Amino acid sequence: PFPSVDIDKCVDCGLCEHTCPVVTPIRKNNVRDYAVYGGWASDKETRFNGASGGAFGAIAQSFFRKMSNPVVFGANLLDNDTVRHIMIDRIEDVHLLMNSKYIQSDTDGVFSKVARCLSDGFEVLFSGTPCQIEGLYHYLRKKQYEKLILVDVVCYGIPSPGVFKDYMQWKQKEIGGKFKRILFREKILSYNYTSFSVYNEDPKKNYHKGVESEQFMRSFFSNINVRPSCYDCRFKKRYRVSDFTIWDCYDVKAFSRNFDENGTNRMLVHTAKGEQILDEIRHDVRLEGYNDIDHFIEDEIAMTESVPMNNQRELFFADYRSLTMPELMQKWFPYTLKVRMNSFLRRTAFRLGIYNETKRIVKKLLGKK
């Protein structure tokens, strides 16, 4: 969705501009880091169901257990092609908000619902992308809500929701059966091997492909179908208005010998309240602090840098408007021999347990973060 103003109802109060995090950015961010941690959910199921270490799931579950009147807001995939923020009030529903969704979440009416919950005395945990967190922060206007916890996830960028919806409708016809669940990132082969998975009512028709071969994921990570605002994101920064920021930790051995490779989160704490929350859930997560904060975050380019625009983006969307989806994908992201070989080599490296070390060496030789 794009912002719009109902001219017939506008009274020129300027409030919409004042609360817009892009038009009126926050001038003063946090000026220090409280701490950084690496870790994962102690519960194996929670950890496995998370896209990385299940940290958000553990935080949400602990929030329900420790608070007197808790509610949690987060992104949920509806009808297999639409993502929307929803509110849950039961610990049993935390799984609905877990795992990454590589589609923008609709927050229409959600901010006002958060405000009502806070006014009614609820404790609120809200998770979202950095732009959503700052949007809510501006909307509430009262900057210090003691009963509000904000969690943002490091965001690479957001692909076109229209392309995704049309793509999934094509896949439904191509695969057949009835889709039950979609996971943008599943740990079938390894946490480090991103797998796009579609579970079907007929298990024989389940669909699993790695990011290097799955056509929609290839289109996304080629930066060709990313939304225009993400090419100039105003929320890519280290110091944020959330209580803490969560993101991946793929090359875990580069940070600690105590980390394993079954899925790990990195967490940057921005506030004393965030530090308190993590202290309260130490029985629910395996945490390890890290002293060199700069080193701990420097390889996460998506934290501070916008996605570079693919110079063929306009041509891609011109074809999107004129071609069928199978024609579009065959033209732009065909299953070539190169793609198949890349997929084979990646999967083989993971099975042999040499992928991370090989990737680290290649990055060092190329001088990349």
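At 1% relative accessibility, G57 counts as buried in this predicted model, since the cut-off for that label is under 20%. This glycine is found in helix α3. Leaving aside residues up to four places away in sequence, G57 touches T46, V94 and M98. Another pairing gives a sense of scale: G57 and D243 sit 186 residues apart along the chain, and their C-alpha atoms are separated by 16 Å.

Helix α3, which covers residues 55-66, also holds S62. With a relative accessible area of 2%, S62 is buried too. Its contacts, again not counting residues up to four places away in sequence, are E280, I281 and D284.

N99 is not a glycine, yet it has a positive phi of about 75°. Its place is the loop between β3 (82-88) and α4. N99 has 14% relative accessibility and so counts as buried. The other asparagine, N223, is likewise not a glycine and has a positive phi of about 65°. N223 lies in the loop that runs between α7 (215-221) and β9. The relative accessible area of N223 is 10%, which makes this residue buried.

Then there are the helix pairs. Two packed helices are described by the angle between their axes and the distance between the axes. For helix α4 (residues 110-119) and helix α5 (residues 130-140), the angle is about 55° and the axes are 10 Å apart. On the α4 side, the contact is made by F111, S112, V114, A115 and L118, while α5 brings in Q132, G135, L136, Y139 and L140. Sorted by class, the residues of this contact come out as 7 nonpolar and 3 polar, with no charged ones.

A second pair is formed by helix α6 (residues 161-175) and helix α10 (residues 313-322), which pack at an angle of about 45° with their axes 12 Å apart. This angle makes α6 oblique to α10. The crossing of α6 and α10 is left-handed. Here G162, V163 and D166 in α6 meet F316, F317 and Y320 in α10. The contact of α6 with α10 has 4 nonpolar residues, 1 polar and 1 charged.

The structure holds 24 aromatic pairs. One of them joins F255 and Y290: the ring centres are 6.0 Å apart and the planes stand at 80°, which is over 60 degrees, so the pair is edge-to-face. F255 lies in the loop between β9 (244-248) and β10 (265-269), and Y290 in the loop between β11 (285-289) and α9 (293-297), so the pair ties together parts that are 35 residues apart in sequence. F255 is buried, its relative accessible area being 11%. Elsewhere, ring pairs link a cluster made up of Y102, Y156, F164, Y167, W170, F184, F196, Y207, F216, F220 and F221.

Technical notes: Residues numbered from 1 in each chain as written. Predicted model: local features only at pLDDT ≥ 70, side-chain atom pairs only at ≥ 80, totals over all residues. Heavy atoms only, no water. Axes fitted to C-alpha atoms, helices over the stretch in contact; angles between N-to-C directions. Helix = DSSP H or I, 4+ residues; strand = E, 2+ residues; numbered from the N terminus. Contact = heavy atoms within 4.5 Å. Nonpolar A, V, L, I, M, F, W, Y, C, P; charged D, E, K, R; others polar. Phe/Tyr/Trp six-rings, centres within 6.5 Å; stacked < 30°, edge-to-face > 60°. Buried < 20%, exposed > 50% of the residue type's maximum accessible area, 1.4 Å probe, protein only. Parallel < 35°, antiparallel > 145°, perpendicular 65-115°, else oblique. Left-handed = near helix turned anticlockwise from the far one by under 90°.
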